[in-house]
Each structure stands twice: as C-alpha cells, then as structure tokens.
Amino acid sequence: MSQLSFDQLALNSALLHNLKSLEYTQMTEIQAQSLPHILAGKDVIAQGKTGSGKTAAFALGLLQKLNVKRFRIQSLILCPTRELADQVSSEIRRLARGIHNIKVLTLCGGAPFGPQIGSLEHGAHIIVGTPGRIQDHLRKQTLCLDEVSMLVLDEADRMLDMGFVDAIEDIIEQAPKSRQTLLFSATFPDQIQQISRNILRDPVSIKVEAMHDDNTISQYFYLVRSAEERMLALRLLILQYQPTSAVVFCNTKREVQEVAEELNNRGFSALALHGDLDQKDRDQALIRFSNRSCSILVATDVAARGLDIENLSAVFNYNLAHDQEIHVHRIGRTGRAGSKGMAFSFYSAKDEHRIHLLEDLLDRNIQAQELPEASVLELQPQPSAMITLRIEGGKKQKIRPGDIVGALTGDDGISGDDIGKIQISPNWAYVAVQRQCIKTAFKKLSTGKLKGRKYRVMVVRG
Ligand code: ADP
Ligand code: MG
C-alpha cells in the first residue's frame with residue numbers, strides 16, 4: 001500500500017464515498033503512481049504484478065471521465081479471456097455503485113451472438129470484452145466505437161501471448177484518434193514496447209517494483225570432477241527445485257544433444273535446441289517451451305537467442321560461458337518480473353581462471369555449494385503444466401486466436417483460464433492447454449469447427 005489516500009485525487013464525491021464503503025482507503029502503489037496521470041488525461045503504460053490493483057486504477061479513471069447522461073459507448077476495455085473480462089466488469093460495477101444508471105456490457109466469445117446484439121441495441125457506456133468477439137461485432141457493425149474516449153488494454157502481455165496482436169490493432173484503428181489509451185501488463189516483453197509505440201501517444205510509463213536487480217537472482221556454483229558428476233549434478237538440482245521452466249546452456253551442439261538425450265532417458269522431458277535442427281523442429285521446440293508444454297530446454301547460446309521467454313525459473317550453466325558478458329546474459333533470463341530467479345553453474349578444476357573473473361565481476365568470493373542429497377533421485381520429474389495441440393490450419397485458412405478460444409470454451413468446453421499461448425503460422429496453429437484439460441480440449445477442437453470447417457488436430461509430444 002502507498003501512503004496516499006483516494007481523497008487526495010480529483011475524484012467526484014460519489015466515487016469517493018463508494019470507495020469508503022468498499023473500505024478502499026489507501027491507494028495501492030500502482031494506483032498512486034498512475035491515477036494522477038490517468039485523471040490528467042495522459043496515456044499510461046503501467047506494469048505491475050498480479051494483485052497490485054490495476055483494475056481499480058483504470059476503472060476509476062474511466063468512471064471519473066464518463067458522461068452518464070450521454071448514453072453512448074465511451075470506454076472500451078480489452079481483456080485476454082472471458083473470465084478476466086467478467087472480473088473486470090464486476091469490479092467496475094462495484095466501483096460505480098455510487099453513480100446511477102451506468103451500463104457496463106461484457107462481450108466475449110463462447111457466448112451466443114444474439115443476446116449480445118440485443119444488449120448493444122439497448123446501449124451501454126462501457127464495454128469489456130475479448131479481442132476476437134469485439135472484432136466480430138465491429139465487422140457485423142453491431143458495435144460502433146466512434147464515441148470511445150478511453151481505451152484500455154488489460155493484461156496486454158497475455159493478450160499478445162494468445163496471439164491477439166492483429167485483432168487489437170484492427171480494433172484500435174476503428175477507435176477515434178483523440179482517445180486516451182491505457183495499457184496494463186504484468187510483464188514487459190519487447191513486443192509490448194513495439195505495439196505501444198503505435199497505439200499510445202506520448203505515454204507516461206509506470207513500473208511498480210524493480211524488474212531485475214542483482215538481488216532477484218540467486219547464483220549457485222558447483223565444482224564437478226567428471227562428466228558423470230556434471231550430469232548427476234544437473235539431475236539432482238532439477239529434481240530438488242522442480243523448475244517450471246529452465247534453460248540448460250551448453251557450449252557445443254554435441255553436448256546439447258547428449259544432455260537432452262540423457263535427461264529424456266532419465267524420465268525428464270527436455271528439448272534440444274541448436275543450429276543443426278531443421279526449421280520446423282526448431283519452431284516447434286520454441287513453441288512448446290515458451291508455452292510451457294516442456295519445462296527444460298537444452299540450448300547453445302546462439303540458438304537460445306530466438307527465445308522470447310521473459311521469465312525462466314532457473315538457468316543452468318552446464319558449462320561456464322566463455323566470457324562473463326555471456327554469463328550475465330544467460331542468467332539475466334531468470335528472476336524477472338519480481339520473481340526470484342536461480343542460476344546454477346557447474347565448473348571443473350580447469351575453470352579456475354574463469355571463476356576468478358566471475359568473482360571480480362560479482363565482487364564476492366565464489367564457494368562451491370554442496371549438491372542436494374542423493375535421496376532426491378527418488379523423486380519423479382514433474383510433468384509440464386501445459387500440453388500443446390497442433391491444428392492443421394492457420395493464417396491461410398483465416399484462423400484467428402478468437403476462433404480457437406471460441407471452439408475450446410463453448411458448451412462442455414474448457415475454461416478460458418486453462419488456455420495458454422496461441423501461436424498461428426501460415427499453415428498451422430498451436431494452442432497450449434492445461435494438462436488436466438487435454439482430453440476435453442482435444443475432443444472439442446477435433447469434433448468442432450473453426451471458421452465453419454473441421455481441421456485435423458494432434459497432440460504435440462516430444
Ligand atoms: P491486478 O489486476 O493488478 O491483478 P486487481 O485489480 O484484480 O489486481 O486487484 C486485486 C484485489 O485488490 C481486488 O480484490 C481488488 O478489489 C483489491 N483492491 C484494489 N485496489 C484496492 C485498494 N486501494 N484497497 C483495497 N483493496 C483494493
Ligand atoms: Mg488485472
């Protein structure tokens with residue numbers, strides 16, 4: 001919590017009064033930093049982790065700005081899934097309790113069109129929806145954004161993950177240029193920077209909590225005496241820490257291959273990534289790792305460059321990097337977005353010189369850690385959280401993320417929250433779903449239709 005109370009803001013008395021009754025007294029950090037700019041009409045990019053109070057930050061901004069007497073759509077909020085859209089709608093309604101006759105309408109896929117069209121004909125002030133369905137309404141001309149003065153992208157990183165970038169750009173093009181735009185995200189991948197350049201005007205950037213300082217990465221070093229011990233050290237540490245996503249860096253392609261094979265023989269699910277793979281295997285490896293269908297990626301430095309994953313739970317240096325800059329680059333992939341990162345480095349007696357250089361760089365002594373007890377070898381490797389489905393149709397068949405979300409979530413389908421990353425290439429589409437939903441998801445996709453047509457669907461396994 002910040003030390004600032006909502007009273008200090010230029011909010012109307014009905015809103016302030018209602019905040020008191022909700023027992024929102026102090027602003028959260030992200031609210032304290034963003035609300036003054038939002039109320040001043042500035043475009044804002046705000047980054048803060050889950051639970052930091054982002055919804056109220058934009059909701060209070062748009063409620064303050066709203067002209068209730070004018071019964072037109074004045075705010076549009078885009079969310080990645082139906083569940084999140086429902087949550088945002090109910091938080092807005094709660095915060096709007098003090099203002100009479102505000103109409104908030106939720107428009108998401110997986111629900112029938114007819115009633116949505118009916119509600120739109122009755123009018124609304126605020127629309128909350130998922131990009132695919134909003135786009136569909138725009139296309140059918142059942143929704144008009146001409147009077148939108150505030151546009152919000154909530155959980156922008158998730159929307160990009162789910163492949164909604166084209167849909168978002170298409171929607172925004174149909175909103176007035178004079179609008180105010182707010183973008184909220186838990187993480188800040190490069191792609192967000194790119195799209196924000198196109199859609200925000202001279203934005204104020206707000207970030208709550210530092211992204212990556214030295215304290216967020218714990219580095220551990222292990223002295224290994226042989227190739228066997230190196231492999232054993234890796235297995236012990238993976239079993240001990242069970243990272244949800246980890247990259248094991250090797251210095252050669254051959255070693256990448258050997259380490260991945262050995263891990264797979266030992267019951268782990270590991271993917272190898274190096275320059276000798278053909279394009280399709282490479283793409284599939286990156287897709288499966290970044291959508292969390294595989295938790296261990298063994299890679300060379302060069303191959304790992306294409307990896308757009310922001311937040312690894314652990315990095316292993318199977319061999320020390322040839323120079324310190326590469327070492328720093330490798331371990332910098334863990335411990336972002338405020339979570340604690342771990343970096344495990346293995347070295348042998350002949351790496352003494354490199355260890356000294358790293359000691360200079362880290363400004364501390366490096367001491368060899370004890371490996372975990374051999375008893376951890378009795379633990380089972382964790383299966384990945386997600387499983388990837390491949391659909392034999394893609395951009396060329398005009399398949400969009402919203403079609404896939406819609407097909408998965410309809411009657412007896414899975415929940416939007418169980419859908420992970422969606423990636424669409426010209427001829428294929430990939431969607432990750434929670435492991436426990438794979439049967440339902442497979443059935444829904446393979447028996448259902450996308451854009452009026454059936455597609456072959458397969459589960460992608462190692
Ligand atoms: P985020 O979108 O950043 O993940 P939410 O907007 O969902 O977070 O907020 C998390 C929770 O905190 C919600 O239950 C919300 O009602 C509550 N909350 C938000 N702002 C405040 C506040 N200033 N005081 C008390 N509770 C708050
Ligand atoms: Mg939120």
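The model is predicted, so local features need pLDDT of at least 70, side-chain atom pairs count only at pLDDT 80 or more, and totals for chains, interfaces and linings use all residues. Residues are numbered from 1 along each chain as its sequence is written, chains are lettered from A and ligands numbered from 1 in the order in which they are written, and side-chain values use heavy atoms, with hydrogens and water left out.

**The seven-stranded sheet**

Let's begin with the open sheet E3-E4-E2-E5-E6-E1-E7, whose seven strands pair in parallel. Strands here are DSSP runs (E, at least two residues), helices are runs of H or I with at least four residues, and both are numbered from the N terminus; two strands pair if DSSP finds at least two bridges between them. Strand E3 (104-107) and strand E7 (204-207) each have a single partner strand, so one side of each has no neighbour in the sheet. From one strand to the next, the twist averages 15°; axes are lines fitted to C-alpha atoms, for helices over the stretch in contact, and angles run from 0 to 180 degrees between N-to-C directions.

Four bridges link E1 (residues 44-47) to E7 in the parallel sense, and Ile-45 stands opposite Ser-205 in E7.

**The six-stranded sheet**

The other open sheet has the order E8-E13-E12-E9-E11-E10, again with parallel pairing. Its edges are strand E8 (217-223) and strand E10 (270-273), each pairing on one side only. Within this sheet, E9 (residues 246-249) and E12 (residues 314-317) run parallel, joined by four bridges, and Phe-249 stands opposite Asn-317 in E12.

**Helices across the sheets**

| Helix | Strands | Angle |
|---|---|---|
| H2 (residues 29-39) | E1, E5, E6, E7 | about 170° to E7 |
| H11 (residues 253-265) | E9, E10, E11 | about 170° to E10 |
| H14 (residues 324-331) | E8, E9, E12, E13 | about 150° to E12 |

**Around ligand 1**

Ligand 1 is surrounded by 15 residues, the closest being Tyr-24, Gln-26, Gln-31, Gly-51 and Thr-55; a residue is near if one of its heavy atoms lies within 4 Å. A polar side-chain atom of Thr-55 is 2.6 Å from an oxygen atom of the ligand, and a backbone N or O atom of Ser-52 is 3.1 Å from an oxygen atom of ligand 1.

Methods: Contact = heavy atoms within 4.5 Å. Polar contact = N/O pair within 3.5 Å; in protein donor to acceptor, adjacent residues only side chain to side chain.
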